[in-house]
Amino acid sequence: MRLMGYVRKMRGSVHGSPPRVSLPEVLWSWTGAFLGIAAVAWLNQRFFVGTDLTLAIGSLGASAVLVFGAVRSPLAQPRNLVGGHVLSALVGVTCWQWLGGEPWLAQSVAVATAIALMHLTRTLHPPGGATALIAVIGSDQVHAMGYLFVLFPATLGPLVLLVVALLFNNLPAARRYPEFWL
């Protein structure tokens with residue numbers, strides 16, 4: 001009986017999938033994500049190419065989905081956007097430095113600990129898990145950065161996205177960003 005209840009939970013709820021968003025909302029999300037990632041990529045190309053630093057990491061793409069595609073989500077708010085990446089980067093770099101000899105352990109501890117810390121600090125931001133993982137599985141260049149990875153790209157990149165989100169998401173009357181700061 002308990003097993004059947006466990007298996008039934010895998011069918012999902014009766015609420016169904018979320019409603020489709022309007023075409024104007026899709027266009028606003030697309031344009032905001034384009035501008036946010038373009039700003040990060042342009043700044044990276046302008047100031048960081050040829051250096052050992054970078055401003056662009058894959059997890060910022062997931063952050064763009066939240067701050068431009070789900071602007072009202074608690075996971076997309078400034079505290080979560082910046083705090084989630086910073087905490088996760090700290091955890092990821094620490095896990096690489098302490099557990100890097102056992103990569104499977106460093107990777108799993110980094111992501112799990114990042115989630116726990118984001119929960120405890122109310123900064124849950126799913127792309128932060130990717131940032132923690134990138135700090136562990138990244139290239140030799142990423143590992144050589146050490147805790148500088150926390151600043152470039154894990155703090156500066158989200159701050160660039162935040163500025164673009166503040167400027168862009170408040171242009172249409174139907175959008176407002178953020179819902180809260182702290």
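Biologist: What should I know about the ground rules before I start?

Modeller: It's a predicted model, where local features need pLDDT of at least 70, side-chain atom pairs count only at pLDDT 80 or more, and totals for chains, interfaces and linings use all residues. Residues are numbered from 1 along each chain as its sequence is written, and side-chain values use heavy atoms, with hydrogens and water left out.

Biologist: How many helices and strands does the protein chain have?

Modeller: Helices (H or I, at least four residues) and strands (E, at least two) are DSSP runs, numbered from the N terminus. Here the protein chain has nine helices and zero strands. Its C-alpha atoms fill a box of roughly 55 × 50 × 25 Å along the principal axes.

Biologist: Which residues does the UniProt domain annotation cover?

Modeller: UniProt positions are given in the numbering used here, feature names are shortened, and annotations may be inferred rather than shown by experiment. The record, an unreviewed entry, puts "domain: HPP transmembrane region" on residues 18-178. That stretch is 69% helix and 0% strand, and its end C-alpha atoms are 22 Å apart.

Biologist: What share of the residues counts as buried?

Modeller: Buried means under 20% relative accessible area, exposed over 50%, and partly exposed in between, with a 1.4 Å probe and protein chains only. Of the 182 residues in the protein chain, 40% are buried.

Biologist: Which residues is T123 in contact with?

Modeller: A contact means heavy atoms within 4.5 Å. Setting aside neighbours within four places in sequence, T123 is in contact with R79, N80, G83, G84, L87, L117 and M118. There's also a polar contact of 2.7 Å between the side chains of T123 and T121. A polar contact is a pair of N or O atoms within 3.5 Å; within protein, one must be able to donate a hydrogen and the other to accept it, and residues adjacent in sequence count only if both atoms are side-chain atoms.

Biologist: Where does A135 lie, and what does A135 touch?

Modeller: A135 lies in helix α6 (residues 127-137), and A135 is buried because its relative accessible area is 4%. Not counting residues up to four places away in sequence, A135 touches A89, G92, V93, W96, V142, H143 and F149.

Biologist: Which residues line the largest cavity?

Modeller: On a 1 Å grid over the protein atoms alone, a cavity is a set of points where a 1.4 Å probe fits but cannot get out, and lining residues have an atom within 4 Å of a point. Grid points are joined across faces, edges and corners, and a volume is the space filled by probe spheres set on the points. By this rule there is one cavity of 30 Å³ or more, and the largest cavity has a volume of about 40 Å³. V93, W96, Q97, A135, V142, H143, G146 and F149 line the largest cavity. The elements giving two or more residues to that lining are α4 (78-99) and α7 (140-145), with the largest share, three residues, coming from α4.

Notes: On a 1 Å grid over the protein atoms alone, a cavity is a set of points where a 1.4 Å probe fits but cannot get out, and a pocket is an open set with protein on both sides within 12 Å along at least five of seven lines; lining residues have an atom within 4 Å of a point.
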